[in-house]
Amino acid sequence: MHPLTPTSDRPVNDAEAPTGGAAEGRSTASGTQTLLRGLALLECVAEGVNDVRGIAARLGTPRSTTHRMLGSLVQEGYLHHIPYRGYLLGPKLLFLGQRALEQRPLAALARPHLEALAQQTGDTVHLGSVEGDEVFYLDKVSGTKGLEMRSRIGQRMPLASTGVGKALMLGMDETRWEALYRRAEEARQGREDKPPLRPWTLYLEEMRRYRAQGVVLDLEENELGIRCVGAPVRDISGQVVAGLSVASALPWMPEERMARLAPVVRQRAEALSKELGWKPS
């Protein structure tokens, strides 16, 4: 039999006979959709949505489908289920998160500096990088005062209203500052726990002064009762690749102490910068 001869007397309709490539394409698309739904589900749980009804509503999936996905993720260790409390991130994600930190050279090199600064000051120390118009918190070391701050590793906040973010902005062209300021203004609309930012003209004057000093201040701009002192971290090219900050509650952060901390934070940021290959001019 000729290899192209059909095995049936019925003519073959090319439109109704799926090729291997088309079938594989549909399978790949379906697998990608399932993967993205699973990742979106994990993000829901990470944000505190931990019941089937809430997750299904967020994802727009049937509750039966959502329940099956949750069961699979629990079985694989990506989620943990506690009766009457709901779903929590599981041990496998903790392992992967730790590995992600270890594989980021910046975070690994910075960790000893963060720990030393936290020990020296007794305050909470943050490390962050730029993600779009936000700061992404790469690491956090709690202080010794027993104060637990809301910030967390993996959190994103507007650049222009945080100590770490403003430290990162010192490496940007000044023309970008106002757009970031407006973005931070929008993010705090309707938020009673967020104090208003200073008027733009005053904010600009402060940022110019901070750039000259190599250090920034957050005077309760991101969170009422919390103040920060921050400084930029540079790499071998001189570009700002991270921001470093020391943060504490208002009773421990009067302006006099912030002035004393400014050179301490700046020197620690410069020490880390030198490990990344930066050489002061």
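Let's start at the largest pocket. It is lined by 21 residues. Nearest its centre lie Ala46, Leu89, Gly97, Ile153 and Gly154. One caution before we go on: this is a predicted model.

How much space lies in the largest pocket? About 1100 Å³. By class, the lining of the largest pocket has 12 nonpolar residues, four polar ones and five charged ones.

Next, the second largest pocket. About 380 Å³ of space lies there. The second largest pocket is lined by 25 residues, and the closest to its centre are Gln155, Met157, Lys194, Asn222 and Glu223. Four elements each give at least two residues to this lining: strand E5 (156-158), helix H6 (163-169), strand E7 (226-234) and strand E8 (240-249). The class count for the second largest pocket reads nine nonpolar, eight polar and eight charged.

Step back to the whole chain. It has nine helices and eight strands. There are 281 residues, and 39% of them count as buried. The chain exposes about 16100 Å². Carbon and sulfur atoms supply 53% of that area. What about contacts along the sequence? Take those with a separation of 6 or more: residues 24 or more positions apart account for 54% of them.

How confident is the predictor? The mean pLDDT of the chain is 86. Of its residues, 87% reach 70 or more. Now look at the start of the chain. Over residues 1-18, pLDDT stays under 50. For that stretch, the model has four contacts beyond four places in sequence.

Let's zoom in on one helix residue. Met69 lies in helix H3, which covers residues 63-75. Is Met69 buried or exposed? Its relative accessibility is 15%, under the 20% cut-off, so Met69 counts as buried. Which residues does Met69 touch, leaving aside neighbours within four places in sequence? The answer is Arg37, Gly38 and Leu41. Take Gly38. Along the chain, Met69 and Gly38 are 31 residues apart. Their C-alpha atoms are separated by 7.0 Å.

Where does Tyr84 lie? In the loop between strand E1, residues 79-82, and strand E2, residues 86-89. The relative accessible area of Tyr84 is 91%, which is over 50%, so this residue is exposed.

The other is Glu220. Its phi is near 65°, again positive in a residue other than glycine. Find Glu220 in the loop between strand E6, residues 216-219, and E7. Buried or exposed, then, for Glu220? Its relative accessibility is 19%, under the 20% limit, so Glu220 counts as buried.

To recap. Met69 counts as buried in the model. Tyr84 is exposed, whereas Glu220 counts as buried. And keep in mind residues 1-18, where pLDDT stays under 50.

Conventions: Residues are numbered from 1 along each chain as its sequence is written. This is a predicted model: local features need pLDDT of at least 70, side-chain atom pairs count only at pLDDT 80 or more; totals for chains, interfaces and linings use all residues. Side-chain values use heavy atoms; hydrogens and water are left out. Buried means under 20% relative accessible area, exposed over 50%, partly exposed in between (1.4 Å probe, protein chains only). Contact means heavy atoms within 4.5 Å. On a 1 Å grid over the protein atoms alone, a cavity is a set of points where a 1.4 Å probe fits but cannot get out, and a pocket is an open set with protein on both sides within 12 Å along at least five of seven lines; lining residues have an atom within 4 Å of a point. Grid points are joined across faces, edges and corners, and a volume is the space filled by probe spheres set on the points. Ala, Val, Leu, Ile, Met, Phe, Trp, Tyr, Cys and Pro count as nonpolar, Asp, Glu, Lys and Arg as charged, and the others, Gly among them, as polar. pLDDT is the predictor's confidence in each residue, from 0 to 100. Accessible areas come from the Shrake-Rupley method with a 1.4 Å probe; for residues, only the protein chains shown count as cover.
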